Amino acid sequence: MSENKTAAAGASLLPTYARYPLTLVKGEGSWLWDDAGNRYLDFMSGIAVTNLGHAPARIKEALVQQLDQLWHVSNLFHIPNQADAAKLLTDNSCGDAVFFCNSGAEANEAAIKLARRYQQLVQNNGRYEIITFDQSFHGRTLATLTATGQSKVKEGFAPLPEGFKYIAYNDIAALESAVSEKTAAIMLELVQAEGGIHPVDQTYIQQVAELCKREGILLIVDEIQTGIGRTGKLFAYEHFGIEPDIFTLAKGLGSGFPVGAMVAKEKLREGFSAGSHGSTFGGTPIATAVVKATLETIVGDGLSARAAEQGGYLMSQLREKLAGSSFVKEVRGLGLLVGIECTGPVADVIADAQKRGLLVITAGPNVVRLLPNLLVTNEEIDEAVSILADLLSDR
């Protein structure tokens, strides 16, 4: 379909996305094809979603098998895939109980609700305030966009829910000043992805965890973009020697199938009693068949360690090839969540890369974000780095 025909066909959609002038119709591994037959090296992965590449055979097999058996039943019944997928998550994490939903925003919404309900009904202390961080991103529902530390996502949605407070990232003095008798939880990303690929400071996050334990505050880690092997561990919190009370997942959890999850410690089980929260489509037989296959593949094949290795190779090659560019300030990241910070806007870099057959995305106006799949090869990395080196050296 031509660009004009595609635009005309999309006229019935609300204009909530600034779409690139591409219509992608096929994917395999690290590659995508548009409707004109052009091939693209995909270093976006659907924004950290297709962690196993496009159309992975094992996931497709599990999905097709489940499609032949059962699509949907209410959560008023036991769902074997759901129980199996939850056990895979708890067996491979610090969590003990899982709530399945449909997206990252829903997972974070559930985390906020659980934190408040646990503090108010189980601990009986009336706490409700959630502390989050400048430049964070937690979703698009009213509660999660309010939790987000970026004013641009909040424009036009007032009045926003009460009970959120924002502070500077990696500043323990600011956090200690913000904590009060109202504080129910501290919620953060261990790598601020939408905010520019900023990993948390090791000492800082340990101080945060200690403060939470000391003050009876819950620690919520948003692993929507960092989870499922992306950073070189199955979950990013594993890098930092901490155990969150709650962590949230989506994106890579379903290999492209929409699914989210909130994982909580055992003590929080009382906070979500029967009828306190729910989701019609959360944890369907189809969704959790995909989750099972995804987790079995990533854990069984050691793909988190592979992401660490390939991420190291990617960053070393970028630093070497971009060392002479006055336009590039820094290459940083964790595993295969990588950012190239530049001295000016990078929108033109994204557009020019597409013309060269490489798909990358921004993380703020001045950062090029790279999110290849966990199975990316050295040859594919070399090709992407070569294109970026040409583009960034010319500016």
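1. Let's start with an open sheet of four strands, paired in the antiparallel sense and ordered β13-β14-β17-β16. At its edges are β13 (328–334) and β16 (361–362), each of which pairs on one side only. Please keep in mind that this is a predicted model.

2. Within that sheet, strand β14 (residues 337–342) and strand β17 (residues 367–370) run antiparallel and are joined by four bridges.

3. Next comes an open sheet of seven strands with mixed pairing, in the order β4-β12-β11-β10-β7-β5-β6. Because β4 (97–101) and β6 (164–167) are the edge strands and each has a single partner strand, one side of each is left without a neighbour in the sheet. On average, and ignoring direction, neighbouring strands here are turned by 20 degrees against each other.

4. The partner pairing of β4 is with strand β12 (residues 260–264): the two are antiparallel and share five bridges. V98 has V263 in β12 as its bridge partner.

5. Now for the helix. α5 lies across β4, β5 (129–133), β6, β7 (183–188), β10 (218–222), β11 (246–249) and β12. Relative to β11, α5 runs at about 160 degrees.

6. Q119 counts as buried because its relative accessibility is 1%, and the cut-off for buried is under 20%. A polar atom of the Q119 side chain lies 3.1 Å from the backbone oxygen of G216. Beyond its neighbours within four places in sequence, Q119 is in contact with residues including N124, R127, T183, I217 and L218.

Methods:
Residues numbered from 1 in each chain as written. Predicted model: local features only at pLDDT ≥ 70, side-chain atom pairs only at ≥ 80, totals over all residues. Heavy atoms only, no water. Buried < 20%, exposed > 50% of the residue type's maximum accessible area, 1.4 Å probe, protein only. Polar contact = N/O pair within 3.5 Å; in protein donor to acceptor, adjacent residues only side chain to side chain. Contact = heavy atoms within 4.5 Å. Pairing = 2+ DSSP bridges. Axes fitted to C-alpha atoms, helices over the stretch in contact; angles between N-to-C directions.
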